[in-house]
Amino acid sequence: MRLTETADVWWKNAVIYCLDVETFFDTDGDGCGDLRGVCQRIDHLAELGVTCLWLMPFYPTPDRDDGYDITDFYGVDSRLGTHGDLVELITLARDRGIRVIADLVVNHTSDQHPWFRSARASRESPYRGWYVWRDEPPPDADKGIVFPGQETSLWQYDEQAGQYYLHRFRKFQPDLDIANPEVREEIERVVGFWSELGLSGFRVDAVPFLLDTSGAEDAGRLPDPHDYLRDLRAFLERRHGQSILLGEVNLPYPDVRRFFGDEDGDELTMCFDFIGMQRLYLSLARNEPAELVKALRERPDPPEEGQWGTFVRNHDELTLDKLSDAERQEVFDAFGPDKNMQLYGRGLRRRLPPMLGNDPARLRMVYSLLFSLPGTPVLFYGEEIGLGENLAAEDRHAVRTPMQWTADVNGGFSTADPSRLPSPLAEGEFGPEKVNVAAQRRDPDSLFNWMKLLVRRYRECPELSWGSCTILETGAPSVFAHRSDHEGGTIVAVHNFAAEPAAVTLSLSGAGSADRAVNLLAEGTATVDDGAISLDLAPYGCCWLRIVRPGDRYLV
């Protein structure tokens, strides 16, 4: 591949916003959000500055796993709308410069999917080989369970089939056999179908599990699963050259790098930075950035046209599985000390504002950091207003509460009786009376307006997404500083992780005494003196500085 114009690789500096249609906005009063609701609120995303909308599963489902148990990969769940509603949403989004991607969940199906119903009914079924079967489970059937406490084995005996089937996730989600050429071809048809309806790519669910063929009894003779990922990427590029595959790959950095493909990046377009996210929370717990710095120094560069997806929260539990037991306990002690806040022994079912004590300065610092780090920022709905969780909700649903638009009943999400909502709203200081879009739009000091500023500045600073990142020495353990350089432009970002003020002097190679350091997040200009900048940072203070040289014509 050859690096071309910026617009051809739009994901390099996108702002991605993930939402669950079911909890975003309800237009017909049945208590369930719908696609027409997202259409009616698309201008909210445009105002925020979102350039890519990621839709969580909207396919027909028994809804035992929030839509990740699918019964028709070509359908739209009737509770959420129709294909026509989806096309209308894609069109409205495109009119506002927003691309739409969707979850591609093809590691497994629902056990109610017609394919599985046919497969379990007869060994002669054409779909029998689409799943992974064994007469007896292997000796290590309990190894690698994703949901401890809910499942005891990766293999489930099916009375009707007379065999055991593989399920990496829950027993009602039988795994598809990616080693079967018919399954691979079907996945391509699914991708092609939704691409033709206007999607600009897919967030690929559970990629390592999708490519894991170890459950098959003839796994040793099967082709390299990465060959299939390359084929899928090539298929998508032939159909729609500017589409992306954003992969959920929660593995150590060297293993994640393999999923980008070779140097040209012929597999996943983007991968989430789970390691950086987990090290960030350890740094926040310790009030110093050393662990984040360590992660950034270890993180491999993506291919030229690839990119890391950076985030501080997503739709699942906040997984801390790559930390040591002692490190994980530090984060638990700081941000989720109650057992009810923890999940599966590896993560937290909390949103960021409650974890940080709803401290405005600390929240602003973390999001400033997110948008300034190298990578593409990914937001989970409600982050822009500081939405909280509801621990009374079950499991991961604690962080999937309805969006809060106004201070009205149900937060303006729905006119239905509260008992009919998909999940209870956040309460107390995070309830809709205190946290909602309408109030924050009118408040110039709100988190929403801070996020709008960050998005705008991020989009105005190609150095952050396209440039090379250099971590700077600060002399202050609580302060993280880095510079990003691209085509002669330089941005310096500085963040104080501590509740105490800090003073730092940053040495900037190549900076002259005639240069200015213009603050992009507030009024003010710092002086460049002998190639260095001295800064006084407030508790949890942050700033972005553009180095403006004589003759520069940057908009500041």
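1. How many residues does helix α15 have, and how far does it reach from its first C-alpha to its last? In this predicted model, α15 (residues 447-460) has 14 residues and reaches 20 Å, close to the 20 Å expected at 1.5 Å a residue, where the expected span is 1.5 Å times one less than the number of residues.

2. On conventions, residues are numbered from 1 along each chain as its sequence is written, and side-chain values use heavy atoms, without hydrogens and water. Local features need pLDDT of at least 70 and side-chain atom pairs count only at pLDDT 80 or more, whereas totals for chains, interfaces and linings use all residues.

3. Helix α15 is largely enclosed by the rest of the structure, because 11 of its 14 residues are buried, that is, under 20% relative accessible area with a 1.4 Å probe and protein chains only. Among these buried residues are Trp-450, Lys-452, Arg-457 and Tyr-458. Their cover includes α2 (42-48), α13 (360-372), β14 (376-380) and β22 (542-548).

4. For the protein as a whole, 62% of the 556 residues count as buried, and the radius of gyration of 24 Å agrees with the value near 24 Å that a compact globule of 556 residues would have; the radius is taken over C-alpha atoms, and the globule rule is 2.2 Å times the number of residues to the power 0.38. Along its principal axes the C-alpha trace spans about 80 × 55 × 50 Å.

5. Of the contacts (heavy atoms within 4.5 Å) with a separation of 6 or more, 69% are accounted for by residues 24 or more positions apart.

How values were computed
Buried < 20%, exposed > 50% of the residue type's maximum accessible area, 1.4 Å probe, protein only. Helix = DSSP H or I, 4+ residues; strand = E, 2+ residues; numbered from the N terminus.
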